[in-house]
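Let's take a friendly walk through this structure, from two individual residues out to the chain as a whole.

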Amino acid sequence: MNRYIKADSWSIIEEGFCRDNQRSSESIFSLGNGKMGQRANFEERYTGPSIKGSYIAGIYYPEESHEKRRGAGRPEYSARAINTPNFIGIDVIIDGHMLNLFICDVKSFRRELNMKEGVLTRSFTAELPNGKAIEVCSTRFLSMADTECAAIRYSIKALNFSGKISMIPYIDGSITNKDSDDSMWDIIRMDVHNSEATLHTKTKKLDFHVAVAMRSSIYVNGTKCQDIRPELIKKEAWVGNRYNLNINEGDVVCLEKYVGVCTSLNHHIETLFSKSLEQATKCEKRGFDSMLCDHSQVWALKWKQSDIRIEGDIEAQQAIRYNIFLLCQTYTGEDARLNVRPDGFTGERAGATAYWETEAYCIPFFLMTSPQDVARQLLIYRYKHLEQAIENASKLGFTNGAALYPMGTITGEECHDEWEISLEEIHRNGAIAFAIHNYIRHTLDYKYLDQYGLEVLIGIARFWSQRITFSEEKQKYVMLGVTGPNEYENNIDNNWYTSRLACWCMKYTIECIDIVKRNTPTAWSRIKTKVAFDEAKEPALWKKIIDNMYYAYNQQLNIFLQQDGYMDKEQMFATDIPEKELPLNQHQSWDRIQRSCFIKQADTLQGIYLFEDEFDTDTIARHFDFYEPRTVHESSLSPCIHSILASRLGRTDKAYEMYLRTSRLDLDDYQNEVAEGCHITSMAGTWMSIVEGFGGKRAYEGRLYLAPIIPQQWESYSFRLAFRGHDIEVNVSHEDVTIMQRGNGELPIAVYGHNYIINSGEELRIKR
C-alpha cells in the first residue's frame, strides 16, 4: 500500500511533491470524457520516471501474438492501447533554463482532481537551477459537453526576478508506448501559423487517422496580449508556437491552450485536418470559462443520478465518488462501437480491449445509473460480434453456430495473448448470457430478446453443449481443461463456477425460446430459420446435460469444490502467507502459486453471488467461511463480491473491510501496481458493494427489492436508482430507511420482505 492521497469528499488531493509517486499519480489523476483520455502527465517538461499516455477510445494497434504459431485457435494478434499525439505539452523556459520538476527545487506542490466538475488543477512553487523562483498554476479538462475538445489554462508568476520567459505550446506526434521505442504513427500533414498548429497522423497499421489542432492565447496580468507574434516551430512530428516575453518581478503570464481532436472513426479522412482546427478555433472563441461551465453542467447531471452520499466516513465517501467518476468518464454510452476498457484511459496494461467484466460488473452499474439505452447498447455490442464469436469457436472445432466470445476484444476477434486465458477461461460466455438475463429482469425489455438476445443465447448454449463431454466412468457430463475466474488455477477439470454457469445458460436459453415462441411467434420463426435451430434435438440434449452434470463436492465439509482435486492441495489461509511474499504474483513463482490452495479472486463464491436465490443462508455461509480465508484478493474483481455476500450474511464488519479494499484499491495502491493504470471495471463492483451489498438491492421479474444494512462507521448513506422509468432515492440511517419516488406512476417495491406501493412524489419511511 501507498497512502498519500488526502481525504476529501469531492476531490483527490496530493500535497507535496514526491518523485517516487509521480507515475502512480499520473494514473490516479487521469482525465477522460468517454471519447478520449489521458494520464495526468505534466504540461511542462519532466525527465523523471513517467508513463506518457493520451488515448482515444476505439483506436488500437495490433501486434502479432506470440501464441499465433502454437496451434489452432490461438489469437492472431493482441490489441494494444496506442499512445496518441500529446496535446497538453507547454515547454517553459526562464532566462534560458527549462522548467523541469525532476531537477528543480520544488518548494510547494498541490495537485487536485475535482470530481464534482471533472477538472484537474495543479499549483507549485519551484526554484530553477539558475535561482529564479516561480509560482505555477494549471487547470485542464477534457470537455464532456464537446468530446472532441480540451482546454488548458497555465499561469506563471515571477517571484524573485525580472527577465525573459518563453512559453511553447505544442503538439507532439513522435510519442511511443511505454514499452516501445518505435512510434506507431506516420505523419500525414503538419502545419503551424500564428497562435495555432495542426498535426494529422495515421497509424502504421489499420489506417486509423487522428488530427490534433491547437489555438493559444497569452495574457499578462489578466490582459490579453494582442500584438505578440509567436515564433513558429515545425520539427519532425512536432509543431508548436514559441511566445517570448519580458516580465517583471510579480508579473503573471497566463497561456490558454484550446485543442480539437478529430479521428477517422467519426469524420472523413480528407476533412480531419480542417475539422480539428475548426474545433480548436470554436473553443477559443467560446473561451475557457464558458467551456468549463458547459463541461461542469454535464457532470452535474451525471452526479445527480449516480452519486452515493456517505455521512461520517470521509475516506469511504471519497472512494465511492472516485470509482463512480472514473466509470463515468470512461464510458458514456453515446457510441455503440465502444466498450469499457478495464483500465480506461489510465494506462496500457489491459490493451484496448473489452473483457467479461463489462457484463459481470459494469452492466449492473449502468443499468441503475443511466438511461436504459446505455446498458442495452453494451449488450448490442456483443450481438454485433456474434458472427465473429461463431468464427472464433469454429477455429477450435466447434460447429453448428456455436459461439465463443473472446476474452479480450475490440472487433469481436480474440486478441488476448495467453492461451490459458483465451482458450480456457471460457466462463466469459456465461457472463454475457447472464448480463442479458440481468438486463431483462430489471427492464422487462423482451423486445431485446426478439431483436438480438436470443440469437446470442442460442450460440452460447450450443457452445456449452459441445464443450461439455460425457464421462463413462462417472456416468455424468464433465467440463475438462478450463480456467475459472481464479486465474491462479489453469487447465483444471470441473470448475464448479464454469460448469454451473454453463448449465444455467442452457436452461435460460430454453426458457427464453419459450418466451419468444409464446409472445412473438413471428420473431421465433425468423430466428429459428436464421440459426437453423433443431427444436426436437437441441433442447433435449441441453436438458439431458443439465440433469446429469457432475459437480465436485466434499461431503464432509458439505460444500461444492472449486474444481476436482482442490482438497489435494495443502490447505492454508491467506493470513498464513508472510507479508513479504505479498502480492503472490509479484513474489512467488507461477509453479508455486499453481500448486497452492490460494485463490486469486471469487470463483465458487462468484457463482454463489450470481445464483444467490437458489441457496439458503446456511449454504452461503458455509461456502463463504471456507473460501474467503483462502482468497488473497489479488484480482481487483474479488473484494466487491465478498463484500456483497458478507452483507447478505449480515456480517457488516467483513462487508465494510472488503468495501474499503475494493473502493480504495487504486487510491491506496493495495497491490503496488497503480502506476500501470487503474482498475476501471472493478470500480463498478465498488458501486455494487454499496447498492447490492449494504443496500440489499435485487430485481426479479421487473420488481425491486431492498434490504438495507449500515456499517457502524457510517452515520447514514444514500443512493439513487433509475428503475423502469422511476427515479428512486434511498436513504439509510441506523434508525430508518427512507425511499423517495420521483418517477411517474406507481412503484411496487419490497423492503425487508414486505410489499409496498410508492406513488410519484411520495416518500416511504420504514423503521430498521
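## Ser-471

Ser-471 counts as buried, because its relative accessibility is 13% and the cut-off for buried is under 20%. Bear in mind that this is a predicted model. The residue belongs to strand E22, which covers residues 469-471.

A polar atom of the Ser-471 side chain lies 3.0 Å from the backbone nitrogen of Lys-474. Leaving aside residues up to four places away in sequence, Ser-471 touches Lys-476 and Val-478.

## Lys-282

Let's turn to a residue in a helix: Lys-282 sits in H2, residues 272-286. Lys-282 has a relative accessible area of 33% and is therefore partly exposed.

Its side chain has polar partners: Lys-282 makes a polar contact of 2.3 Å with the side chain of Asp-146, and another of 2.7 Å with the side chain of Gln-279. Ala-699 is 417 residues away from Lys-282 along the chain, and the C-alpha atoms of the two are separated by 46 Å.

## The chain as a whole

The chain holds 20 helices and 33 strands. Its radius of gyration is 27 Å, which agrees with the value near 27 Å for a compact globule of 768 residues. Along the principal axes, the C-alpha atoms fill a box of roughly 85 × 60 × 55 Å.

Of the 768 residues, 65% count as buried. Among contacts with a separation of 6 or more, 68% are between residues 24 or more positions apart.

How values were computed. Residues are numbered from 1 along each chain as its sequence is written. This is a predicted model: local features need pLDDT of at least 70, side-chain atom pairs count only at pLDDT 80 or more; totals for chains, interfaces and linings use all residues. Side-chain values use heavy atoms; hydrogens and water are left out. Helices (H or I, at least four residues) and strands (E, at least two) are DSSP runs, numbered from the N terminus. Buried means under 20% relative accessible area, exposed over 50%, partly exposed in between (1.4 Å probe, protein chains only). A polar contact is a pair of N or O atoms within 3.5 Å; within protein, one must be able to donate a hydrogen and the other to accept it, and residues adjacent in sequence count only if both atoms are side-chain atoms. Contact means heavy atoms within 4.5 Å. The radius of gyration is taken over C-alpha atoms; the globule rule is 2.2 Å times the number of residues to the power 0.38.
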